[in-house]
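Dear colleague,

Please find below the structure that I am handing over to you, followed by a short account of what was found in it.

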Amino acid sequence: MEMLRRWLQRDRHRQGSVEHPIDEMMARVVKVAPRLRMAHRYKQRLAGPLQICLEYVEELVAGLPAPLDASISIWASNSLIRTFFSSPGEMAAAFGRSAELRTFFDESPDAQEAYAVLGMDMEAHGRFGCAQDGEVARTDVLQTVVNFSDHQVRICARTLAGLRQDIVRRMVDQLAIEGLARITAEQGRREVLERERALLLTRWHLLERRGAGVRSILDSRMEIDRGKLVRLQQELEANERDLYRLGLRTQALDRQIECMVEVFRNPAAFLHVWGRSMRVSLMNVVLQRGSTEAGETVEFQMARVPGDPARERAFTLVRFSRADLPPAPNSLQEAARWLN
């Protein structure tokens, strides 16, 4: 870890970048969850877990491969680009749809290229196709085909170092959002338990009254159901235990801090990045080990992003040229095309 930290520091110095101070990350967290500012000593309580989180995400980002040259002109000669995009036109359209990429070039008129993150959904499905089995061509071979869709370019920067810094910030933001989701879930759970407790107490009192007073002596129909009372007592006790685990309402801010601390202390449980490698044919058919069919090995990254539900996305860092950005679509022409 120390060697990695020194490497990161040298890289930042060469790229003219700055480190991510804890105060900057703290500001981003409380922007997501402003009520944390009201908690006692919130900065001191978050600083340590944030440091753990920051070291983890910086290590992830430092391990990402060098950016891919995403030039339209090299689509035919680059196996990875061909795997991601079925044609040069699809590739140009995907980058052309990125409002963030267009905004970057509009606001940086002297920049001739941008470093960005290309994210995609990856789907693998089976089909029957043709394959060579020795000297025999078979048409009933079950094959796995991979398709990439929903191409998104949302993060852009002038330099690779700047892009890596922005990715780190976005990861910290995502973990803060996960912490906020847990806080909200706890608040919702508390409200449900309190409503449930009120209903249980009401039922309890009604059953008790059926066995109290003179009427219960004179009217046999008012005999109390002891079994129901026992079940209600058990439900009330379970409800009380659940509320106790959530703490008092006066301790709500402390619980919110604890929710954030739990997430930042265990970032690997929520954010995970790993490399994926596969050998594919020109038609994106996954070739099994030992296959003699023509194909190339492609390598890219996968990320598991927390949420409801959590998602897995393929991604790669790219370098994209301003010259390859297609003209902005004319909204009137687009509307006419859809109407026709």
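In what follows, the axis of a helix is a line fitted to its C-alpha atoms over the stretch in contact, and angles between N-to-C directions run from 0 to 180 degrees. Please bear in mind that this is a predicted model.

I begin with a pair of helices. Helix α2 (residues 22–32) packs against helix α3 (residues 42–62) at an angle of about 105°, and their axes are 10 Å apart. Angles of 65 to 115 degrees count as roughly perpendicular, and α2 and α3 are therefore roughly perpendicular to each other. On the side of α2, the contact is made by Ile22, Met25, Met26, Val29 and Val30. Helix α3 contributes Tyr42, Lys43, Leu46, Ala47, Leu50, Gln51 and Leu54. By class, the residues of this contact comprise 10 nonpolar, one polar and one charged.

I turn next to the strands. Strand β4 (residues 272–280) runs antiparallel to β5, and nine bridges join the two. Within this pairing, tryptophan 274 has methionine 302 of β5 as its bridge partner. Strand β5 is also joined to β6, again in the antiparallel sense, by five bridges. Here methionine 302 stands opposite alanine 314 in β6, while alanine 303 has arginine 313 of β6 as its bridge partner. Strand β1 (residues 68–69), by contrast, pairs with β6 in the parallel sense over two bridges. In that pairing, leucine 68 is partnered by valine 318 of β6.

Finally, there is the matter of open space. The largest pocket holds about 720 Å³. It is lined by 19 residues, of which Val117, Ile155, Gln174, Val305 and Arg313 are the closest to its centre. Two or more lining residues come from each of β2 (113–133), β3 (136–157), α7 (160–210), β5 (296–305) and β6 (311–321). The lining divides by class into 11 nonpolar, three polar and five charged residues.

With kind regards

Note on methods: Residues numbered from 1 in each chain as written. Predicted model: local features only at pLDDT ≥ 70, side-chain atom pairs only at ≥ 80, totals over all residues. Heavy atoms only, no water. Helix = DSSP H or I, 4+ residues; strand = E, 2+ residues; numbered from the N terminus. Parallel < 35°, antiparallel > 145°, perpendicular 65-115°, else oblique. Contact = heavy atoms within 4.5 Å. Nonpolar A, V, L, I, M, F, W, Y, C, P; charged D, E, K, R; others polar. 1 Å grid on protein atoms, 1.4 Å probe; cavity = no way out; pocket = protein on both sides within 12 Å on 5 of 7 lines; lining within 4 Å. Points joined across faces, edges and corners; volume = space filled by probe spheres on them. Pairing = 2+ DSSP bridges.
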